[in-house]
Amino acid sequence: MILVKLNKEEFGYDIHSLVKAFYPGQTVIVTADEEKIAQKEAMIAKGQGETGEEISFCLVIRYLNEKSAGENTGYGTVLEIEGQCFEFCNDDRRQAKNALKKALYTILVKKTGKTLPWGNLTGIRPAKIPMALLERGELEASIRQYMADTYFVSEQKTALCLEIAQKERGILQTMDYENGYSLYIGIPFCPTTCLYCSFPSYAAALWQEKMPEYLDCLEKELDFIAGSVKDKKLQTVYIGGGTPTTLPPELLGRLLNKIDTAFDFSDVREFTVEAGRPDSITPEKLAVMKKYPVSRISINPQTMKQQTLDLIGRRHTVEQVRTSFRMAREAGFDNINMDLIVGLPEETYEDVEQTMQEIAKLSPDSVTVHSLAVKRSARLSTEKENYRGLHMVNTQEIIGLTEEKCRRMGMAPYYLYRQKNMAGNFENVGYARAGKEGYYNILVMEDRQTVLAAGAGAMTKFVNGNERTRVENVKDIASYLDRIDEMIERKAKKMEELSWH
């Protein structure tokens, strides 16, 4: 366990994320609560944490008294980390946060003897930084220098960010995204729940009888959304989950028909359905999707190693992946994405190489490579005593391998994002053939467009210039069914406040 003591609550999230990146296997506690600090220090004195883990060290960060730096130059702040003092200008929060992270990163590099591929960046959308600089007219050379000087990002990751920012910028220039919106629909059912999953997901078999009622509520919410939008154009539709194709063919057709009839598709650039689990795909469901303007689907193996699939609870076979993919091609789908995860339990470089070779034989149109991120709600966290002996590793060599294989398939990176507790402190990258990029993914990653969302666990996000306003639906299905009118009222109230229509 690592205890980080603060003398005031400030930038706790960023401090926690950065320390955790250097010490991924350890519990990190960041607090200014004196009672909590005393309790943890007592544990340190005994040399044991709450669950028996050894105490690594205690890190002290103190914001010293602010002092005047001149009438028109804001205020200077002295920051003390582990007895070392850093002075910086604190005239706005962003500058103060960057200065803190630079100082803390420097300390942690010295303490551990290692650097991080993404430096001190803790945000989930690193490509937004070079994108903003490109739009200001900055040259690539100066952007590379800025990323190195400000965030200590490696040359390799900066090059990846720049390539993706250029790709996204070119695609966004073809869209009138400011006058449009995207629609997200959540289907929170899955055949089984994977060990690493933290999404709202419920066993389809247990909720089979409630699925029609769920669609009743979903349709009510979709009718509200369709009736509330006046001047905006629908540009992308994304049905995610969960696994939307756990719906039986008649209910899947009912949902697609509702979307098709309730919304104007004149300006829709992309309609994605996460078919996701190969064990949920049938010829009947593929035929249903082809009746409607679904233009892009995902078939997600995560790995092509059967032992790993069994371990993580996927409960489908490698052969089912191949069969489902071929069925989708035969049904006429010409834009198929495949999701993979690297850093899965017990997988090696050779296992990932084998997976990439098997994927290449299928020749998908895009591949999204995820670095395993274990969140608190995942079974790998909530039941960690049962999985303590599992070996999970991700390396730059593995990440580099997936990039090389995707490029050999004729794909280029077009979007990326990062998460907390990500194996190896790496990233998730979407690769696609030219013209097969996922527009919805770009719009979401760049925060360029309002997303109106329906379904249990779905989150609406209103985008207005630099302002972001979120409205979340409850995650629990039973609560969603009981409180659907409240979910609709939440959105209606926020639309009124923001004058959004």
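Biologist: How do you know how far to trust the model?

Modeller: This is a predicted model, in which local features need pLDDT of at least 70 and side-chain atom pairs count only at pLDDT 80 or more, while totals for chains, interfaces and linings use all residues. Residues are numbered from 1 along each chain as its sequence is written, and side-chain values use heavy atoms, with hydrogens and water left out. pLDDT is the predictor's confidence in each residue, from 0 to 100. The protein chain has a mean of 88, and 88% of its residues reach 70 or more. Over residues 67-76 pLDDT stays under 50.

Biologist: What share of the protein chain counts as buried?

Modeller: Buried means under 20% relative accessible area (1.4 Å probe, protein chains only). Of the 501 residues, 54% count as buried.

Biologist: How many helices and strands does the protein chain have?

Modeller: There are 18 helices and 19 strands. Both are DSSP runs numbered from the N terminus, helices being H or I with at least four residues and strands E with at least two.

Biologist: Why is α13 called roughly parallel to α15?

Modeller: Axes are lines fitted to C-alpha atoms, for helices over the stretch in contact, and angles run from 0 to 180 degrees between N-to-C directions. Helix α13 (residues 349-362) and helix α15 (residues 396-408) have axes that come within 10 Å and cross at roughly 15 degrees. Angles under 35 degrees count as roughly parallel, over 145 as roughly antiparallel, 65 to 115 as roughly perpendicular and the rest as oblique. So α13 is roughly parallel to α15.

Biologist: Which residues of α13 and α15 meet?

Modeller: Contact means heavy atoms within 4.5 Å. Among them, Tyr 349, Val 352 and Met 356 in α13 meet residues of α15 including Ile 398 and Leu 401.

Biologist: What makes α8 and α18 roughly parallel?

Modeller: Helix α8 (residues 211-228) and helix α18 (residues 484-498) pack at an angle of about 15 degrees, with their axes 10 Å apart. That angle is why α8 is roughly parallel to α18.

How values were computed:
Buried means under 20% relative accessible area, exposed over 50%, partly exposed in between (1.4 Å probe, protein chains only).
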